Amino acid sequence: RDVTGVQTCALPISVPGTYTAQIALTGPQWPDPKDFESAFTISPLKPSGMFPGYSALTMEGGKHLINGAVPPVDGNGKDSLANAMGWAKFMGANTYCVLAGQTSVWDKLNPQDFPFNRGDVELAHRYAAAAHDAGLKFAAYMTTFRVVGDGWQQAQDHYHFTMGYDRESDQVVPTDFISLEDTNRRQDIIALLRELDKDPNIDMIGLDYVRTGTGGYEFVDEFVRDLNVPGPADYWSMSKDERIHWLAKTVELKQNKDVTALFEWWRAHKVAMTLKSILDEAKLSKPVFTFTLGWEMGHQHGQDPAMFEDAGVNFNHIMLYQSDRKTLDQMNQQWPDYISRSNGMYALGEMVDENWVQNTVNPPGPEELYDREAATFEAWQPVNAGIGMFWHDLYRLIYGQKGPYSGMEWAVAGGKAFSLLQ
């Protein structure tokens, strides 16, 4: 394949193979342009870190989770932290995966809980010990570039937030995603990563919200320079705010498909390079995974799973949820071609929530959720054997939007999916 570029070649996303880089140089010393070319090869990924049959029950937590205690599987006895391992083992999970650190502001920012609530972090350490005592692997994950909660704007004294686009006002506005180059956030992430890495009971470390959301437009000049993007004729005479607005409106309203495609590639690359820099500095000894959006491989929000693995991630949790069955069927047409291009590792996951199976009663919600996970596995596994699963999550299974079904029914559905995989 021939790829012509000026400064950064915009290669097709995640395509191993041999390429030819071509460049034409002009100068006063030459009557005609001089052409140069050189071949280079992108080798397939050689991933590691996700063991065969990886089946993870996650725990995101919530206000009803007191000291990590949950009811026992059979309903007889007191709530306890160890009961969580009972649920995991009942379902056939071999890994318990817990949200250890999330930056959130609900109502009012509490400095004692910022950037990460120490109680949540300490609970993860206790869960990790309990998981090992029960013979399970343990994964701890954290949120990275997002502040969760209705009071996120109160964190603007601590972080710079990425810029998005508001269609109604035609204005560029800050979003609740933190800008990738915020130095305070970088150090907060690295500090928690290093703490988790030191715990011998933590086997894997995960990163969620490794993306810009629908933002990233503050990097407009870097994007234009890197890819020689054809902007407005008076681009460099426009103010910085005007340049940001031009790119945000162009991409969000899909006014120019070429600029949009270039920006989605460049933004995913920017996120991956930021992630690589963080992992290089953190120097972790444990396998690392990310949570990645399922629709179009996260390209619309600054993600690309193969780029993540090139950045040092061992495997990706692919979030299939928050979609209807038609959308899932479309994803199962997109993904097999993508994952067949390399031998990356992917754990596919569904979320326990009656609303996200469209309140179905025929088939019943838990059966539909299992069927979605099973259909996805059967579409992906023939073209890439590096497939695992996760079921999201124990908190929702016990306290969430279960509809007319019991937690046991949702647990059996997840367990059946794990059995299919294993």
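Residues are numbered from 1 along each chain as its sequence is written, and side-chain values use heavy atoms, with hydrogens and water left out. Local features need pLDDT of at least 70 and side-chain atom pairs count only at pLDDT 80 or more, whereas totals for chains, interfaces and linings use all residues.

Student: Over which residues does pLDDT stay under 50?
Tutor: pLDDT is the predictor's confidence in each residue, from 0 to 100, and the chain has a mean of 94, with 96% of its residues at 70 or more. Where pLDDT is low, the predicted coordinates should not be read in detail. That caution applies to the stretch where the value stays under 50, residues 1-7.

Student: Are Asp221 and Arg243, which meet in a salt bridge, buried or exposed?
Tutor: A salt bridge is a side-chain nitrogen of Lys or Arg within 4 Å of a carboxyl oxygen of Asp or Glu, and for this pair the N to O distance is 2.8 Å. The bridge links helix α4 (residues 220-227), which holds Asp221, to helix α5 (residues 240-252), which holds Arg243. Buried means under 20% relative accessible area, exposed over 50% and partly exposed in between (1.4 Å probe, protein chains only). Because the relative accessibility of Asp221 is 11% and that of Arg243 is 10%, both residues count as buried.

Student: How many residues apart are Arg396 and Glu60?
Tutor: These two residues form a salt bridge, the closest N and O atoms being 3.4 Å apart. Arg396 lies in helix α10 (residues 394-399), whereas Glu60 is in the loop between β4 (55-59) and α1 (83-91). The pair therefore links distant parts of the chain, and its separation in residues is 336.

Student: Why are Asp329 and Arg325 separated by about one helical turn?
Tutor: Asp329 forms a salt bridge with Arg325, with 3.4 Å between the closest N and O atoms. Both belong to a network of salt bridges that also includes Glu368, Asp371 and Arg372. They are about one helical turn apart because they are four residues apart in helix α8 (residues 325-340).

Definitions and conventions: Contact = heavy atoms within 4.5 Å. Helix = DSSP H or I, 4+ residues; strand = E, 2+ residues; numbered from the N terminus.
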